[in-house]
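I am opening a notebook on a structure that is new to me. Before reading on, please have the sequence and the model side by side.

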Amino acid sequence: MESEKPSFEPFWLFSSSGSGLFDQPEPPLPPPPPCVEVLPSQKSSSGKFTVEPVELGGLTLLKGRVSTQEVFTLSNSDLVPGKYEGGLKLWEGSLDLVKALSSEVQNGHLSFAGKRVLELGCGHGLPGIVACIEGAAAIHFQDFNAEVLQCLTIPNVNANVPSFQPPALQETKCDTGMEIRFFAGDWREVHNLLPYAQNNEKDVNVSSGQNPDPHYDIILMAETVYSISTLQHLYELIKKCITRPHGVVYLAAKKHYFGVGGGTRRFLSVVEKDGVLVSSMVAEVADGSSNVREVWKLSFK
């Protein structure tokens, strides 16, 4: 059963003493891949790309499908840390986020019109595609793997956004003037490539007031908080990218990822400990098909 809960009280997990789940040192991560911008013209023609419709709360989108074996020579694998982070699979949280965003727009709680939008860990890019359909000015898609962007994200945007078609594939703007770009890289370094992100240390303090330069108005992410070792990096990236004081973040994920330790509550503990953003629940999904899934909204205090 799914229940909409747009007016929950802010979620608090840490006590006033400041101790909590992330006081222990994290294990080291492997060296990240190089960060690159993937142009629309660089979409891959290797591997079969097929689409099928998916109904999401009154909205019909097309979801692409490609073979993990063809793209990464991996079979029956959701992810391989440091090599492939699951971007070719359509995860449940992405569908939950699309439904929640559509509801937020219909209820007047959210508008994409004229906004700069970033989708982190995009995979199929369905939440970002919703932003395209709703009239965002700029939509930037980020994934760990360039191959995911080339083989899946770009073709899926092509399938869902009529204005993003040849000959517009050679450009970063649609014939409507909407800017759509694609970036690959690790969350520790990709801010150096993103057009609307802080890329030097002196600008990292998000509590100092408004950003000196344009940043992203809305950040979207689904199923990005499964690994404990990356949660702090993800949060630091968000702070470098979000517009102050009115920027918002929408996160969809499982409450707990059993076996890997992450989840929405682990990530929200990182957010709370920093004390800059406040979180409120937008939706909860407990349909019995998987672990409890949640959609959260983060905003500045």
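**Entry 1. Ground rules.** I note that this is a predicted model, in which local features need pLDDT of at least 70, side-chain atom pairs count only at pLDDT 80 or more, and totals for chains, interfaces and linings use all residues. Residues are numbered from 1 along each chain as its sequence is written, and side-chain values use heavy atoms, with hydrogens and water left out.

**Entry 2. The chain as a whole.** I looked up the secondary structure and found six helices and 11 strands in the chain; helices (H or I, at least four residues) and strands (E, at least two) are DSSP runs, numbered from the N terminus. Of the 301 residues, 50% count as buried, where buried means under 20% relative accessible area, exposed over 50%, and partly exposed in between, with a 1.4 Å probe and protein chains only. The accessible surface of the chain comes to about 13200 Å², and 51% of that surface belongs to carbon and sulfur atoms; such areas come from the Shrake-Rupley method with a 1.4 Å probe, and for residues only the protein chains shown count as cover. I also looked at contacts (heavy atoms within 4.5 Å): among those between residues at least 6 apart in sequence, 69% join residues at least 24 apart.

**Entry 3. Strand S7.** Which strands pair with S7? Strand S2 (residues 36–38) pairs with S7 in the antiparallel sense over three bridges, and strand S6 (residues 138–143) runs parallel to S7, joined by six bridges; two strands pair if DSSP finds at least two bridges between them. S7 itself covers residues 179–184, and six of its six residues are buried. In a regular strand the side chains alternate between the two faces of the sheet. In S7, I see Glu179, Arg181 and Phe183 pointing one way and Ile180, Phe182 and Ala184 the other way, all of them buried.

**Entry 4. Helices H2 and H3.** Two packed helices are described by the angle between their axes and the distance between the axes. For helix H2 (residues 92–106) and helix H3 (residues 126–133), the axes come within 8 Å and cross at roughly 25°. The axes are lines fitted to C-alpha atoms, for helices over the stretch in contact, and angles run from 0 to 180 degrees between N-to-C directions. H2 and H3 are therefore roughly parallel to each other, a term for angles under 35 degrees, while over 145 counts as roughly antiparallel, 65 to 115 as roughly perpendicular and the rest as oblique. Ser94, Leu95, Leu97, Val98 and Leu101 in H2 meet Leu126, Pro127 and Val130 in H3. By class, this contact has seven nonpolar, one polar and no charged residues; Ala, Val, Leu, Ile, Met, Phe, Trp, Tyr, Cys and Pro count as nonpolar, Asp, Glu, Lys and Arg as charged, and the others, Gly among them, as polar.

**Entry 5. Helix H6.** Is H6 (residues 264–274) largely enclosed or open? Eight of its 11 residues are buried, so H6 is largely enclosed by the rest of the structure. The buried residues include Phe267, Leu268, Val270 and Val271, as well as Arg265 and Glu272. They pack against H5 and against strands S8 (218–222), S9 (248–254), S10 (277–285) and S11 (293–300). After H6 comes glycine 275, whose phi is positive, near 80°.

**Entry 6. From S8 to S9.** S8 and S9 pair in the parallel sense over five bridges, with isoleucine 218 opposite valine 248 in S9, and seven of the seven residues of S9 are buried. In the loop between S8 and H5 I find glutamate 223, which has a positive phi of about 55° although it is not a glycine, and which is buried at a relative accessible area of 6%. Serine 229, in helix H5 (residues 228–241), is also buried, at 12%. Proline 245 is found in the loop between H5 and S9, where a cis peptide bond joins it to arginine 244, with omega about 5°.

**Entry 7. A loop proline.** Is proline 31 buried or exposed? Proline 31, in the loop between strand S1 (2–4) and S2, is exposed, with a relative accessible area of 72%. Its C-alpha lies 9.2 Å from that of aspartate 186, although 155 residues separate the two in sequence.
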